[in-house]
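Visitor: I would like a close look at a single part of this model. Please take me through the place where the chains touch, then set it in its surroundings.

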Amino acid sequence: MITVVSSVIILGIFGVLFGACLAYLSVVFAVQVDPRIEKITEILPGANCGGCGAPGCFSFAEGVVSGALTPTSCAPGGKEVAAKISAILGCEVGEMIPMVAVANCQGGNQEARQKFEYMGVEDCRAALLLSGGHKACGYGCLGFGNCVAVCQFHAIMMNDNGLPVVNPHLCTGCGLCVGACPRHVISLISKDQKIYVGCVNPEKGKSVKAVCTVGCLGCGVCANKNNNPSGDIVMEKGLPIITYESNLRVLPGAARCPSKAYVINVKYPAVEYDGTMCDGCEDKAKPLCVKICPVKECLVYDGENKKAVYDSSFCVGCKLCLEECPVKAFK
Amino acid sequence: MEIKVLFMIIIYSVLIQNFVLSRFLGLCPFFGCSQRISSAIGMGCAITFVMALASAITWIVYTYLLDPATSIVGFFTEGNGAPDLRFLRTISFILVIAVLVQFIEMFLQKKVPSLYRALGIFLPLMATNCAILGVAVLNVEGFTAIGIHTKLTFIQSVTQGVAGGAGFLLILILMAGLREKMELVTIPESMKGVPIACVTGGLMALAFMGFSGLSF
């Protein structure tokens, strides 16, 4: 009995003593923390993905409050979170374009030639160290999925062909995978942009063809005046650079790519064609619509009947023929 | 003599009776914080820091609070069935360490913000670490391996705290180095992560058994 009572009393004294010490010290060593930091931390997604550059969501909140980071740098949070943060801080929301990661390489195991069979550590960086990777192309995806491993949102998968596939619904555009890829194959583009270049090989023609069947040859067909009247595609260091305005503006150029190096993730409705109206552009050697159409198989000139023959299954819906046709046979 | 005892305490705490590999204390940070060398160093330094301070504070609490309390109770009961209240050391040490960690955190945040940021999350994790409670209890139990059967002196306690922490830091860095290498090799699916870390830890413990052959 004495043991129980005295233990309780002594531990009680200890508790009160230490509690009082701590209570006193917490006043002496009180640190004023900006209450906005806590408020902002609460509305952040809390994934701690690090896409903004800060190590975690709390550090991001600190950075935003101190002005080192902008409210829009939180890609997973998007516009909503940016607006809320701006409301707390009382500053204006900057414009925020939702981004999505895409793999700028289509050279999977089937398309790209391999120099040798790699059997080492299954890691892109490790594979790269061994004589510059096992793929003959010195620029493309190595296929060991460092981007898959780094993605906090499980938005990237490797397909059977050994290429990463980004699920645009899960991707938040945080950009972690961009930094994880040792070959810099992945880039961020606007979520609305459905057409992009699926190749990062800046070399030209023959040397690209020797290593990959879908590589960009650097021919510049997509960027020439006929296919790209808007000037949205510019050739730079052997690769086309797209300044995105609308998908329709780059579609003709992309569809004309001889090596199909463009990824076109958009389908516009095919145009309607009334063949009876066509007069084959009598005064011209070739009907104007056949000349302008970016797809070879879509509009073909039938020399015997002097008519343009249209196959809607090949139509990409670029609507270039609508303006060109003198008799308005296209709708 | 005293210097020799301190030296032996250091050698025993770091190598022969290492807190992780021989006494199996502090296994949670050993497995939890050994994925990266950088975080292992952070955790190891924080543990060393808190272990040294906790050794000092718990020794004072034991000597100047628990010991007198026993004699006070003995005085009131006039020696009739007076309990030895030193059995309360474990629970009071837990209390002391929790308070100490809280205090260190507050102190660093206010006075040394750079160190506070460097230690970061590791400091609060320390509040319930068994290696720290272990060193506090071992300090008052004596060091039988080197022939000390009574409570260690204050200097010896702090030495054991620092050396124990240094041993912990050493093991944590070694383990983190091994695990960083292990991430790059092909491991059977069922062994990935903690299982292979446990096997590695066991092999390290076996290797460290070799130090038990050291004699002075």
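How many residues does the contact take from chain A, and how many from chain B?

Guide: One caution to begin: this is a predicted model. The contact takes 18 residues from chain A and 20 residues from chain B. On the side of chain A, helix 1 gives the most, with 13 residues. By class, that side of chain A has twelve nonpolar, five polar and one charged residues.

Now the helix pair. Helix 1 of chain A covers residues 2–28, and its axis comes within 10 Å of the axis of helix 4 of chain B. The two axes cross at roughly 0 degrees. Angles under 35 degrees count as roughly parallel, so helix 1 of chain A is roughly parallel to helix 4 of chain B. The contact of these two helices has eleven nonpolar, four polar and no charged residues. From helix 1 of chain A come Leu11(A), Phe14(A), Gly15(A), Phe18(A), Cys21(A), Leu22(A), Leu25(A) and Ser26(A). They meet Ile91(B), Ser92(B), Leu95(B), Val99(B), Gln102(B), Phe103(B) and Met106(B) in helix 4 of chain B. As background, an α-helix has 3.6 residues a turn, so residues three or four places apart point the same way.

Next, a loop residue. Leu88(B) sits between helix 3 (37–76) and helix 4 (89–111) of chain B. Leu88(B) has 22 other C-beta atoms within 10 Å, so it is buried; the cut-off is 20 or more. Neighbours within four places in sequence aside, Leu88(B) is in contact with Ser7(A), Ile10(A), Leu11(A) and Leu66(B). Leu11(A) also belongs to the helix 1 residues that meet helix 4 of chain B. Tyr62(B) is 26 residues from Leu88(B) along the chain, and their C-alpha atoms are separated by 9.5 Å.

Stay in chain B for helix 7, residues 130–141. Its twelve residues should span 16 Å at 1.5 Å a residue, and its end C-alpha atoms are 16 Å apart, so the two values agree. Buried residues in helix 7 of chain B are Ala131(B), Ile132(B), Val135(B), Ala136(B), Leu138(B), Asn139(B) and Val140(B). Their cover includes helix 3, helix 4 and helix 8 (154–182) of chain B. Just after helix 7 of chain B comes Gly142(B), with a positive phi of about 95 degrees.

Back to chain A, for the wider setting. Chain A has eleven helices and ten strands. Of its 331 residues, 34% count as buried. Among contacts in chain A with a separation of 6 or more, 58% link residues 24 or more positions apart.

Two strand pairs are worth a look. Strand 1 of chain A, residues 99–103, has five of its five residues buried. Met99(A), Ala101(A) and Ala103(A) point one way, while Val100(A) and Val102(A) point the other way. Five bridges join strand 1 of chain A to strand 4 (residues 186–190) of chain A, and the pair runs antiparallel. There, Val100(A) has Ile189(A) as its bridge partner.

Strand 6 (residues 233–236) and strand 7 (residues 239–242) of chain A are also antiparallel, joined by four bridges. Ile233(A) stands opposite Ile242(A).

Terms used: Residues are numbered from 1 along each chain as its sequence is written. Chains are lettered from A and ligands numbered from 1 in the order in which they are written. This is a predicted model: local features need pLDDT of at least 70, side-chain atom pairs count only at pLDDT 80 or more; totals for chains, interfaces and linings use all residues. Two strands pair if DSSP finds at least two bridges between them. A residue is buried if 20 or more other C-beta atoms lie within 10 Å of its own, exposed if 12 or fewer, and partly exposed in between; C-beta atoms are placed from the backbone. Two residues are in contact if their C-beta atoms, placed from the backbone, lie within 7 Å. Axes are lines fitted to C-alpha atoms, for helices over the stretch in contact, and angles run from 0 to 180 degrees between N-to-C directions. Angles under 35 degrees count as roughly parallel, over 145 as roughly antiparallel, 65 to 115 as roughly perpendicular and the rest as oblique. Ala, Val, Leu, Ile, Met, Phe, Trp, Tyr, Cys and Pro count as nonpolar, Asp, Glu, Lys and Arg as charged, and the others, Gly among them, as polar. The expected span of a helix is 1.5 Å times one less than its number of residues.
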